[in-house]
Amino acid sequence: MGAPSTLVSTKTNTSVALSGAEAVIKSLIQEDVDLLFGYPGGAIMPVYDALYHYQKEIKHVLTRHEQGAIHAAQGYARASGKTGVVIATSGPGATNLITGIADAQIDSTPLVCITGQVISQLLGTDGFQETDVIGISMPITKWNYQVTSAEEIPEALAKAFFIARSGRPGPVLVDITKDAQFEQFNFDYKKCESIRSYNPVPTTDQNSLKKAASLVNESKKPYIIFGQGVILSGAEQELRQLLEKTGIPAASTLLGLSALPTTHPQYVGMVGMHGNYGPNLLTNECDTLIAVGMRFDDRVTGDLKRYCKQAKIIHIEVDPSEIDKNVKCDIPLLGDAKKILQSLLPLVNKSTHPIWMNEFEKCKKIEFEKVVQKDFFPKKDQLSMGEVLNEINNITKGDSVVVSDVGQHQMISCRYAQFNYSRSNITSGGLGTMGFCLPAAIGAKLAQPLRQVIAIVGDGGFQMTLQELGTIKQFGIDIKIIILNNEFLGMVRQWQELFFEKRYAHTEMQNPDFIAIAKGYGIEAKKITEREGLNDALKKMLTHNGSYLLEVRVGKEGNVFPMVATGASVSEVRLE
């Protein structure tokens, strides 16, 4: 990437002679960073040595794997709204960050990743623990840059933070050679506030705003689908005001969950492959669709040729590349979602849509009879994932931060968990990264220390990053962990049942003793197999002082419905 010489900056500090390594720490302090996740190694050792002298200013959390570090940084960013920072060494340390970087890129999570690199003279020689992390990470970062001289560090990091958090957020990576970390120079930090030719927030066209308002005012069956863009722009209040003025029903994407309280009377549920029946089905019956801060992911749209063809589409989006990428829109509203909604509010009429809302209510009743009732009150002796979530709701009343992994338990958690506050649902969306949950819960708890954080994970995903129990114990992080154990890679098994004639190829798990593992890390744990003990076990876990692991054995062959099969229309949502 090009040198960061085009940035426009303010806030100059008095120059002082420092090493490049200390300049890294000083730069982080200037960006108000007080928490780092990382794992030391040879090529980043000078930075760690500098960090030793700033332990009061910056807390460092030593994870047990670099992937754990970056997922923790993601959880921190998602729960706090700040930029997560992760630090790792060269070679395997840097490449172990790649999955988390890709996850952060597709889920719009602001991260600054700092990696050590071999000395400049060894670049390109296949030196010990050398990898081309710039080349590897280029497709999955908003920006990356390799520093080979100490004097580049302040500008590179200033630019990194600005890019990571501006516009549509995302991950950036700064790779710093070891000799640049040792080199002395006159440190002078200037925060970056703009970059020539980089326009992170487009200007909203006022004529388009007026056209959108007219369309909303004329609509008989308007429908809002909101995504994580509402949360990222801080537009939760504006979304709620728009709904309550216009009477429009609203559904959430997977990552939009918690932007609107799940108890709001106009909240109709979640769209997507395993979303709610009405929100999926009635997408193809609305006459105006207002998409707010969402990207029309394939899991939301199903067959694009049969998606919402009857409706006029208004797309509110900060990223111009998302406009018309998957779904052709009639009125694009480019810009910050919060400001666009603020501008739209005075232009729309006060209205209600009781007949249209009733269509969602009818679908909700059908879904309850066909799906929810069976999930919450199964007739079988085996526990179901749905009844576990129902009991959690009964106890927590929607006040907890829920972090989920990827698979059946994720879909059940996101379908049923109640949320009263924004930034309460943290999960891997676009990339679908198993192993995300446990380390992300660490970051979420450190971001929100006064809120209860519940990590809901499957037996498969848990075993991908269970070593982070060591991090939880070492730093005294109070997380409540629930393993919904069906001894299968459940989502893959469901597909094998439905589409591969029950050929369960390599999806059945022979699991270890999770309770013994937890206790080996010094974490209290219990296993539940019977329905009668579930409520008491959950209450014990949630009131326990400190981290706690609860394993719940659920039915081996339970399925998640509703379901829109791959290639199907959202109108073809299955209830069984």
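I looked for salt bridges between domain 2 and domain 3, and the count is 0, a salt bridge being a side-chain nitrogen of Lys or Arg within 4 Å of a carboxyl oxygen of Asp or Glu. I note that this is a predicted model, in which local features need pLDDT of at least 70 and side-chain atom pairs count only at pLDDT 80 or more, while totals for chains, interfaces and linings use all residues. Residues are numbered from 1 along each chain as its sequence is written, and side-chain values use heavy atoms, with hydrogens and water left out.

I then looked up polar contacts across the interface of domain 2 and domain 3, and found 8 residue pairs, both residues at pLDDT 80 or more. A polar contact is a pair of N or O atoms within 3.5 Å; within protein, one must be able to donate a hydrogen and the other to accept it, and residues adjacent in sequence count only if both atoms are side-chain atoms.

For the bounds I took the domain assignment of the protein, which gives domain 1 (6-186), domain 2 (206-359) and domain 3 (383-555); such bounds come from an automatic or database assignment. The contact (heavy atoms within 4.5 Å) takes 16 residues from domain 2 and 20 residues from domain 3.

I read the area buried between domain 2 and domain 3 as about 1,400 Å², with 58% of it on carbon and sulfur atoms; buried area is the accessible area (1.4 Å probe) that two parts lose on being put together, summed over both. On the side of domain 2, Leu254, Ser258 and His274 lose the most area to domain 3, together 39% of what that side buries.

Next I turned to a loop. Threonine 507 sits in the loop between α21 and α22 (514-520), where helices (H or I, at least four residues) and strands (E, at least two) are DSSP runs, numbered from the N terminus. Is threonine 507 buried or exposed? I found it buried, with a relative accessible area of 2%; buried means under 20% relative accessible area, exposed over 50% and partly exposed in between (1.4 Å probe, protein chains only). Leaving out residues up to four places away in sequence, threonine 507 touches Glu487, Phe488, Leu489, Val492, Arg493 and Gln496.

Within α21 (residues 490-499) I listed Gly490, Met491, Arg493, Gln494 and Gln496 as buried, and their cover includes α17 (408-416). Just after α21, glutamate 501 has a positive phi of about 50°.
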